[in-house]
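Hi there,

Here is the structure I promised to pass on to you. Please have a look at it first, and then read on for my notes.

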Amino acid sequence: MKVKALSRSTSDYVRERAQDTHKVQRNLDPILHPFEKGREYVRALNTVKIERLFAKPFVGALSGHIDGVYSMAKHPHILKSVISGSGDGEIRLWDLAEQQTTWKTRGHNGIVNGVCASSNTSQFLSCSTDKTVKIWNQSQGTEPVETYMGKYAFTGLTHHRSDPLFATSGQAVQVWDESRSEPIHSFEWGADSYQTVKFNQVESNILVSCGQDRTIVLYDLRTSKPLSKLVMAVRTTNAIAWNPMEAFIFTAGNEDHNAYTFDMRKMNAAHNILKDHVSAVMDVDYSPTGQELVTGSYDRTLRIYNARSGHSRDVYHTKRMQRIFCVQFTMDNKFVLSGSDDGNIRLWKAKASEKLGVKDWREKNHLEYSAKLKERFGHMSEVKRIDRHRHTPHGIKRADSIKKEMLSAQKRKENNRQKNRKKGTAEKKVSEREKAIIGIAK
């Protein structure tokens, strides 16, 4: 005969320490909890309200530059290091943990239009309108290690991921070897001058530039010639950023208040259009995960986007912050940096309501549970309304409403034209993502 005996382990119901909470056994059968959905909806609502209540994204301002900050770069190997260049030719190296300058020099006689880290971890480069590119080493004082003289002012600078190569933009796109005083490649394709240039950090032989004639041009170092040219419909592109996780994707910040994401394999239409700004997008940068990106605009705001969506998930601004010319995500994906022409670099949280510092395991569990609740009930109108609401300055709000009114009027006019055409003469409707592009040349 079998005898079944009940057995219980004391570890299931006895506390390990006197400070621990009492262990409670719960039956999660939904039949026993008919009001579970209602309770969880209220919790989700409270979660988004508390998030908005505690959303304080501003961490600190790194002050020291006398003139505006027009270029900035994060160090790919040193987490807390950031390089910045200002309008008076000053270059500074910052320690984000201490929020202080660790090194500075008056490096140029003009605006520093580009800074970037070298493949050598101790060195970094800068370029300026004084027709020079200089290599600096913090440990070797305030004198440049190398100086390269150009024939015209430089507007952009980027470094190869692993090789001692860097590229500059200006009257032409030039590729330089650190061991030579003259460029090894020079690319031109119709433009009077080029705004910026960026190396792809995954497919490291590919680089992209944008010209003042509304063009975006791709180059391949292996063929020593341009690959293809994309002509935008409206205005000039100010900045370009490559996705660090998807080798073929890049985003271009445009003068028409939008940022356009493209796939370099198929550029006849934009992959995505990032809207919401009311003035020119001056800079754009991807997060290290490639899932999010940040844009800085001439309208004095910076916006954070999910890479797959067309509208920003958050917008940051302060009363004193002026026109933003450069933005960066930090390498740990937790902070965003913005440089403006008021001479300050501002440090922001990537998630406005996130708590800084060490979290207890109970707090971590609670935050994970809250995030899941928010995801589950995110489609509900009240939760969505509270989560999306942001306070913006009056000028931006007014400009946004005027812009929306103008766009809706254009759309209405286009629809009326289509309706009132003769039979058989109706034009094919062009999607918003195709409208931005005039054509591609190869």
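What volume does the second largest pocket have? The answer is about 1,400 Å³. Its lining consists of 47 residues, and Met72, Ala73, Lys198, Asp285 and Gln328 are the closest to the centre. Seen by element, two or more lining residues come from each of strand E2 (69-74), strand E6 (112-117), strand E10 (156-159), strand E14 (194-199), strand E18 (237-242), strand E22 (281-286) and strand E26 (324-329). By type, the lining of this second largest pocket holds 22 nonpolar, 20 polar and five charged residues.

Before you go further, please keep in mind that this is a predicted model. As for the overall picture, the protein has five helices and 29 strands. Its C-alpha trace spans about 95 × 75 × 55 Å along the principal axes. Of the 442 residues in the protein, 44% are buried.

Next, the salt bridges. The whole structure contains 21 of them, and I picked out a few for you:

- Arg390 pairs with Asp314, with 2.8 Å between the closest N and O atoms. This pair links distant parts of the chain, 76 residues apart: Arg390 sits in the loop between helix H3 (381-388) and helix H4 (394-419), while Asp314 belongs to strand E25 (residues 312-316). Both Arg390 and Asp314 are buried.
- Arg265 forms a salt bridge with Asp263, and here the closest N and O atoms are 2.8 Å apart. Arg265 counts as exposed because its relative accessibility is 57%, whereas Asp263, with a relative accessible area of 12%, is buried.
- Glu16 and Arg17 form a salt bridge in which the closest N and O atoms lie 4.0 Å apart. With a relative accessible area of 64%, Glu16 is exposed. Glu16, Arg17 and Asp20 are linked in a network of salt bridges.

There is also something to see on the surface. Ile50, Leu53 and Phe54 make a nonpolar surface patch of about 330 Å². Leu53 has its place in helix H1 (residues 36-53). Why does Leu53 count as exposed? Its relative accessibility is 58%, and the cut-off for exposed is over 50%.

Most residues other than glycine have a negative phi. Lys131, however, has a positive phi near 70°. You will find Lys131 in the loop between strand E7 (123-128) and strand E8 (132-137), where Lys131 counts as partly exposed at 37% relative accessibility. Asp276 is not a glycine either, and its phi is positive at about 110°. Asp276 lies in the loop between strand E21 (272-274) and E22. Strand E22 is also one of the elements that give two or more residues to the lining of the second largest pocket.

One last pair, in case you want a sense of distance while turning the model around. Ser139 is in the loop between E8 and strand E9 (146-149), and Ser139 is exposed, with a relative accessible area of 65%. From the C-alpha of Ser139 to that of Ala247 is 34 Å in space, and the two residues are 108 apart in sequence.

I hope you enjoy looking through it.

Best wishes

Conventions: Residues are numbered from 1 along each chain as its sequence is written. This is a predicted model: local features need pLDDT of at least 70, side-chain atom pairs count only at pLDDT 80 or more; totals for chains, interfaces and linings use all residues. Side-chain values use heavy atoms; hydrogens and water are left out. On a 1 Å grid over the protein atoms alone, a cavity is a set of points where a 1.4 Å probe fits but cannot get out, and a pocket is an open set with protein on both sides within 12 Å along at least five of seven lines; lining residues have an atom within 4 Å of a point. Grid points are joined across faces, edges and corners, and a volume is the space filled by probe spheres set on the points. Helices (H or I, at least four residues) and strands (E, at least two) are DSSP runs, numbered from the N terminus. Ala, Val, Leu, Ile, Met, Phe, Trp, Tyr, Cys and Pro count as nonpolar, Asp, Glu, Lys and Arg as charged, and the others, Gly among them, as polar. Patches are made of residues with over 30% relative accessible area and no salt bridge: like charges are joined within 9 Å, nonpolar side chains (Val, Leu, Ile, Met, Phe, Trp, Tyr) within 5 Å. Accessible areas come from the Shrake-Rupley method with a 1.4 Å probe; for residues, only the protein chains shown count as cover. A salt bridge is a side-chain nitrogen of Lys or Arg within 4 Å of a carboxyl oxygen of Asp or Glu. Buried means under 20% relative accessible area, exposed over 50%, partly exposed in between (1.4 Å probe, protein chains only).
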